[in-house]
Amino acid sequence: MNRKFGACLLLLCLLGQLLLTACGGEAGPADVTTDPAATTDPAATTAPVDPADDPFAGLPDKKYEGYVFTFLNMDPTIGYWMNNTLNVAEASAVKVDQAIYTRNRIIEDQFDVVIEEVIQKDPIGFAQTSLGANEDAYDVILDYIRDMPTLVSRNYALEWGDLPYIDLENPCWSADMTEDLTVGGKTYTTSGDLSMTSYDGTSVFAFNKQMAEDLQIGDLYQLVRDGQWTFDKLYEYGSMAAKDVDNDGKYKVDDTYGIITYDGIFAEMLTAAGVRLVTKDENDLPVFTAKGDENFYNIYEKVLDVLHPDGMYISANEYRELANNPAKFIGGGGLFFSDVVFWISKFSEMEADYGVLPNPKYTAEQEHYYSSINPIATSMAIPYTASDPERTSVILQAMAQHSHYNMIETYYDEIVTVRNVRDPESREMINLAFENRVIDLCAIYDWGGFASTMKVFMIQNKSNIASLVQRLETKVTAKMEEYVEACNLDV
């Protein structure tokens, strides 16, 4: 609307100038500027370009003579729970695929390149042969976030500060990922709007509206808006929903649960409560802050209290028939579903109405609702073998900018909102989940095996987390220091 108004205003100004000239109102000598800058400096006469109108704003007008720009990406049969495709070869009736197809053809035409995607089950492992031989085989490598330290530790990844046209402060890049994954001010991996996996991998809750109505729970959306969607409310409502269907005194796969989820819920609940196992010091260096953190210890115990009562949760990791499949939630087997945004796309056949919520707060006093980005979302690294970092930066920035203004909204509507989420309130709730996303370096990289061991402790309902912190602190610190050293920092 603003652009239309601006265009109309410009047209009126031009018409006015023509009328003035026609009526003998030409400017006299005193009205003519003699400032050369006013007539020769484009910056002095041209208004800034709106990136929404020009996704190539700020980028050079260059042609790369048919250069084949190659992404090494994960096989979608491995990363089956995320939309990780970066290149679509032909027009498609699927809106997101068509948006990818259109974006890439525009980029190819603008810069005279050919975009290709090489698919492998283990991209980093596959790339190491060519990287070890100093071959410039791939322009960008995408793999699980948790596996990126392999490239960094072997000096196989280029620091993003060496990419002249990459602007990580531009909204087309994930500020959450960049901030959390940067160490000592250096960025070796991040993601942006040209890849949708960080959105797919964001943790959320869904709920069965019919079951909530039957239990007379009330308006969960308003509960979120009022800041009252908390661990205690999750426990209260989940307990109301739990039902031993066959009355045999044991909760099994056919019973009704408060929460249908997977084992990652434990780490996600800690993050939702504001826990950070690793924080950053004044030099942007990681510090293992779990030791002696009484708040962390208390939250850990609270998560166990919320999740472990009979009937509160069932994990897809425990039952093969539930593995990686929200079918039990779709069939009405639980009030809540806790996982990542991608799985919402599997609810389209659900008979009961459903809605989406952010992760709950620890207490109502907590300022924000926090969401995790899953360790097996993908992020990007630039191989150190890149023969032309400027070209890499131009193509990547162009793809990210174009995606931000022309593709992400399509993803939002097609995958999340129109086809699968059945009410506008859920869109509002998903926005809340996307607003404050967190990557905890200790949890994502599992330094010293702490995060994976802690998960086992939580599954087994083991208290006294302080003893585990003390036992593994030395290992965590050693692995953390190894990674920092590999980052080639100047501090």
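## A four-stranded sheet

Two strands count as paired if DSSP finds at least two bridges between them, and strands themselves are DSSP runs (E, at least two residues), numbered from the N terminus. What order do the four strands of the open sheet take? They run E2-E1-E3-E12, with mixed pairing. The edges are strand E2 (113-120) and strand E12 (378-381), each pairing on one side only. From one strand to the next, the twist averages 20° (axes are lines fitted to C-alpha atoms, and angles run from 0 to 180 degrees between N-to-C directions).

Strand E1 (residues 67-74) runs parallel to E2, and eight bridges join the two. Asparagine 73 has isoleucine 119 in E2 as its bridge partner.

## What you're looking at

This is a predicted model, where local features need pLDDT of at least 70 and side-chain atom pairs count only at pLDDT 80 or more, while totals for chains, interfaces and linings use all residues. Residues are numbered from 1 along each chain as its sequence is written, and side-chain values use heavy atoms, leaving out hydrogens and water.

## The cores

A nonpolar core is a set of buried Ala, Val, Leu, Ile, Met, Phe, Trp, Tyr and Cys residues joined through side-chain atoms within 4.5 Å; buried means under 20% relative accessible area, with a 1.4 Å probe and protein chains only. The largest core here has 115 residues, and Phe296, Phe336, Leu357, Phe450 and Met454 touch the most other members. Helix H20 (residues 465-486) gives the largest share, nine residues (helices are DSSP runs of H or I, at least four residues). Another core, of 29 residues, lies apart from it and includes Phe111 and Ile395.

## Helix H12

Is helix H12 (residues 265-272) mostly covered or mostly open? Mostly covered: seven of its eight residues are buried, among them Phe266, Glu268 and Met269. Just after H12, glycine 274 takes a positive phi of about 90°.

## The largest pocket

A pocket is an open set of points on a 1 Å grid over the protein atoms alone, with protein on both sides within 12 Å along at least five of seven lines, and its lining residues have an atom within 4 Å of a point. The largest one has a volume of about 1,000 Å³, meaning the space filled by probe spheres set on the points. It is lined by 45 residues, with Tyr262, Gly264, Asn374, Pro375 and Lys455 nearest its centre. H12 is one of the elements giving two or more residues to this lining.

Technical notes: Buried means under 20% relative accessible area, exposed over 50%, partly exposed in between (1.4 Å probe, protein chains only). On a 1 Å grid over the protein atoms alone, a cavity is a set of points where a 1.4 Å probe fits but cannot get out, and a pocket is an open set with protein on both sides within 12 Å along at least five of seven lines; lining residues have an atom within 4 Å of a point.
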